Amino acid sequence: NAGVTQTPKFRVLKTGQSMTLLCAQDMNHEYMYWYRQDPGMGLRLIHYSVGEGTTAKGEVPDGYNVSRLKKQNFLLGLESAAPSQTSVYFCASSYNRPGSPLHFGNGTRLTVT
Amino acid sequence: DAKTTQPNSMESNEEEPVHLPCNHSTISGTDYIHWYRQLPSQGPEYVIHGLTSNVNNRMASLAIAEDRKSSTLILHRATLRDAAVYYCILRSGGSNYKLTFGKGTLLTVNP
């Protein structure tokens, strides 16, 4: 049982390049989330999904797009990377219940130069 | 969204109990109280959660005030491995996809 798997673990991009971060979960969770974490700060919600084929904006969605074509996968895309998007990105998933804990991946460290 | 307030940092000695407080004065009746911790260079991990009653698990205990406006995460015997940032968040029963993390409490454990 792998839990939540994020790929890649590290990536360096040049300004203007694009990339996709993949999050996969094998727990049949309905909800999936993308967060970013900057040094000394808590996690900020970028986008989330409450089910296959649905996505919604979080606190800091600008510059990112997401897709959830399959229940187990949640993709985060950067169409034109900017230095301000240098951060550590965490994916999480949970069941559709308020008492259900979030399960987090180990993060993707992205540097945009 | 109901917000939580935690101290920025706390310090403890190894093998002593640690009480991490969290205030959530605007909590609603359907909000669950969740605690997570984040070790250096890792993703957050679930610690414990509760609604009204105190809760115990292998990692910690959660004490919830009678009016539910505050809670305390209790680590019974702190170890060096417990040094982490601890987050207290509320998960709503009405719109439980909304999860807002604050800056949490940085716990330092002294040997």
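**The contact of chains A and B**

In this predicted model, the contact draws 20 residues from chain B and 24 residues from chain A.

Q: What makes a residue of chain B or chain A part of the contact?
A: The criterion is heavy atoms within 4.5 Å. By that criterion, 20 residues of chain B and 24 residues of chain A belong to the contact.

Q: How much area do chain B and chain A bury between them, and what share of it is on carbon and sulfur atoms?
A: The buried area is about 1,700 Å², with 58% of it on carbon and sulfur atoms. This value is summed over both parts.

Q: How many salt bridges does the rule find across the interface of chain B and chain A?
A: The rule requires a side-chain nitrogen of Lys or Arg within 4 Å of a carboxyl oxygen of Asp or Glu. Across this interface it finds zero salt bridges. Polar contacts, for which the cut-off is 3.5 Å between N or O atoms, number seven residue pairs between chain B and chain A, both residues being at pLDDT 80 or more.

Q: Which elements give two or more residues to the side of chain B that touches chain A?
A: They are β3 (32–38), β4 and β8 (84–91) of chain B. β3(B) gives the most, with four residues. The residues on this side of chain B divide into eight nonpolar, 10 polar and two charged.

**The sheets of chain B**

Q: What is the strand order of the five-stranded open sheet in chain B, and why are β1 and β4 said to stand at its edges?
A: The order is β1-β9-β8-β3-β4, with mixed pairing. β1 (9–13) and β4 (45–50) of chain B each have a single partner strand, so one side of each is left without a neighbour in the sheet. The twist from one strand to the next averages 25°.

Q: How do you know that β1(B) and β9 of chain B are paired?
A: Pairing needs at least two bridges, and five join β1(B) to β9 (residues 105–110) of chain B; these strands run parallel. As an example, S9(B) has L106(B) as its bridge partner.

Q: Why do β2 and β5 of chain B count as edge strands?
A: In the four-stranded open sheet β2-β7-β6-β5 of chain B, the pairing is antiparallel. β2 (18–23) and β5 (55–56) each have a single partner strand, so one side of each lacks a neighbour in the sheet.

Q: What makes β6 and β7 of chain B a pair?
A: Against the requirement of at least two bridges, β6 (residues 61–64) and β7 (residues 70–75) of chain B share four, in the antiparallel sense. Here S61(B) stands opposite I74(B).

Terms used
Residues numbered from 1 in each chain as written. Chains lettered and ligands numbered in written order. Predicted model: local features only at pLDDT ≥ 70, side-chain atom pairs only at ≥ 80, totals over all residues. Heavy atoms only, no water. Axes fitted to C-alpha atoms, helices over the stretch in contact; angles between N-to-C directions. Buried area = accessible area lost by both parts, 1.4 Å probe. Polar contact = N/O pair within 3.5 Å; in protein donor to acceptor, adjacent residues only side chain to side chain. Nonpolar A, V, L, I, M, F, W, Y, C, P; charged D, E, K, R; others polar.
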